[in-house]
Amino acid sequence: MKLCDAFEEFFKIYNLNDSLGVLQSQYVMNMYNIIKDTARYKDLLLRHQVIINNKENEEQFSAITIVIPDGSICVSFRGTDDTIIGWKEDCNLSVYETVPAQKDAIDYLESEFLFDKTSKIRICGHSKGGNLAVYSAVSAPKEIRDRIINVYSFDGPGFQPSFFDKEGYFDIKDRIVSVWSQNSLVGVLLESAGRVEIIHSRVFGPLAHDGFNWTLMGTRFDREKELSEFSLFFQKLFNQYIEKSTEEEKIALVDGLFDALLNSGYSTLTELTAMSPTETMKFFKSINGSKNVREFFRQIIRAIGKETTKKLGLVNPYEDMLPDKK
C-alpha cells in the first residue's frame with residue numbers, strides 16, 4: 001500500500017486532535033497529515049506490518065517494511081508503545097540475554113529476506129525498536145548481513161556484554177549507528193553498539209526521548225560533543241547498579257516496579273500520568289526490594305529533583321517520595 005493511501009485510511013478513523021497516548025508526541029498527527037502529501041514520502045510503499053501484544057509472554061512487538069525508490073528496503077521496528085507490559089519488556093533487556101521481541105525481530109528480518117532476495121536492506125527503530133534493529137542485524141545469517149547497508153538505533157537501549165562476542169557483531173559493527181539525545185535516559189542503558197552520535201535536545205527528562213525534541217540545522221541533526229550531566233549521572237548509576245547486583249536483585253527491581261504498577265490497576269503510561277503526587281508517593285513506597293533496590297530509587301528521585309530545581313528554581317517536589325533510608 002502507498003503511504004498516502006495508508007494515511008487516507010488512517011484519517012477515516014482518527015482526527016488531527018486525537019491523542020494516541022502519552023508516548024506519542026503531540027506533533028505526530030500533524031506530521032502524518034503533512035507527509036501524506038509530500039513528494040518525498042507519499043509514494044513510498046508499505047508492506048508486511050506485524051503487531052504482537054502478549055501479556056503472558058511480557059511481549060510487545062511491531063514491524064513494517066518500507067520500499068524505497070532507490071531499490072532498497074527499510075525494515076523499521078516500532079519502539080515501546082503505551083502499554084506498561086511493553087515497558088517491562090524493555091527493562092527485561094537488562095536482566096535476560098534475550099526477550100521475546102528480539103526473537104520476533106530476527107524472524108521478521110528473515111521473512112523479508114525470503115520474500116525479497118535482491119534488495120539492499122536498511123534497518124532502523126526508535127527506543128526498543130532501535131535495540132531490535134541492531135539485535136536482528138547482528139543475529140541474522142551472513143547472507144542477510146551481506147545485504148545490509150546501515151543499521152540505525154535512535155535512542156535505543158544497549159546490550160549485555162555477551163552480545164558483543166557474537167560473530168555477527170564483528171561483521172557488521174561498522175555499519176551500526178547509535179543516535180542518542182544529549183539528555184538520554186534510554187539509549188545510555190547498558191552498552192551501546194557501533195558508532196554513537198549525540199543530538200542536541202531542547203528538553204530535559206523523559207521528553208528528551210521524543211525525536212521531535214531533537215533539533216536540526218537545515219536537514220541534519222544538530223550534534224553535541226557529549227551527554228548532559230544528568231544523562232551521564234543516570235548512565236553511571238544504572239550501570240553501577242547492574243554491575244553490583246545479583247541476577248535475583250535485578251529481577252526483583254524489574255518485577256517489583258512493574259508488579260506494583262500492574263497491581264495498582266494501571267495498564268498504560270497514559271493512565272499513570274494522571275496520578276496525583278500523593279498517589280505517586282504511595283506507589284514508590286509500595287515497591288519492595290533489597291537495600292540496593294531502595295538505594296537505586298532514592299538516588300534517581302534525588303537526581304530528578306536536583307535537575308528540576310536547577311532548571312526551574314523550584315523546591316524539590318519529590319523529596320517526600322524518597323524511600324526510607326533504613
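This is a predicted model: local features need pLDDT of at least 70, side-chain atom pairs count only at pLDDT 80 or more; totals for chains, interfaces and linings use all residues.
Residues are numbered from 1 along each chain as its sequence is written, and side-chain values use heavy atoms, with hydrogens and water left out.

The protein chain contains 12 helices and 10 strands; helices (H or I, at least four residues) and strands (E, at least two) are DSSP runs, numbered from the N terminus. Of the 326 residues in the protein chain, 47% are buried, where buried means under 20% relative accessible area with a 1.4 Å probe, protein chains only. Among contacts in the protein chain with a separation of 6 or more, 65% join residues 24 or more positions apart, contact meaning heavy atoms within 4.5 Å.

The helix pair α1 (residues 3-10) and α2 (residues 28-35) packs at an angle of about 130 degrees, with axes 9 Å apart. Because of this angle, α1 is oblique to α2; angles under 35 degrees count as roughly parallel, over 145 as roughly antiparallel, 65 to 115 as roughly perpendicular and the rest as oblique. Axes are lines fitted to C-alpha atoms, for helices over the stretch in contact, and angles run from 0 to 180 degrees between N-to-C directions. On the α1 side the contact involves L3, F7 and F10, which meet M29, Y32 and I35 of α2. By class, this contact has 6 nonpolar, no polar and no charged residues.

Helix α1 also holds C4. In sequence C4 and I35 are 31 residues apart, yet their C-alpha atoms are 7.9 Å apart in space. Leaving aside residues up to four places away in sequence, C4 touches K36, K42 and D43.

A second pair is formed by α4 (residues 100-115) and α5 (residues 128-139), whose axes come within 9 Å and cross at roughly 55 degrees. That angle makes α4 oblique to α5. Helix α4 contributes A101, Q102, A105, I106 and L109 to the contact, and α5 contributes K128, N131, L132, Y135, S136, A137 and S139. The contact of α4 with α5 has 7 nonpolar, 4 polar and 1 charged residues; Ala, Val, Leu, Ile, Met, Phe, Trp, Tyr, Cys and Pro count as nonpolar, Asp, Glu, Lys and Arg as charged, and the others, Gly among them, as polar.

Definitions and conventions
Buried means under 20% relative accessible area, exposed over 50%, partly exposed in between (1.4 Å probe, protein chains only).
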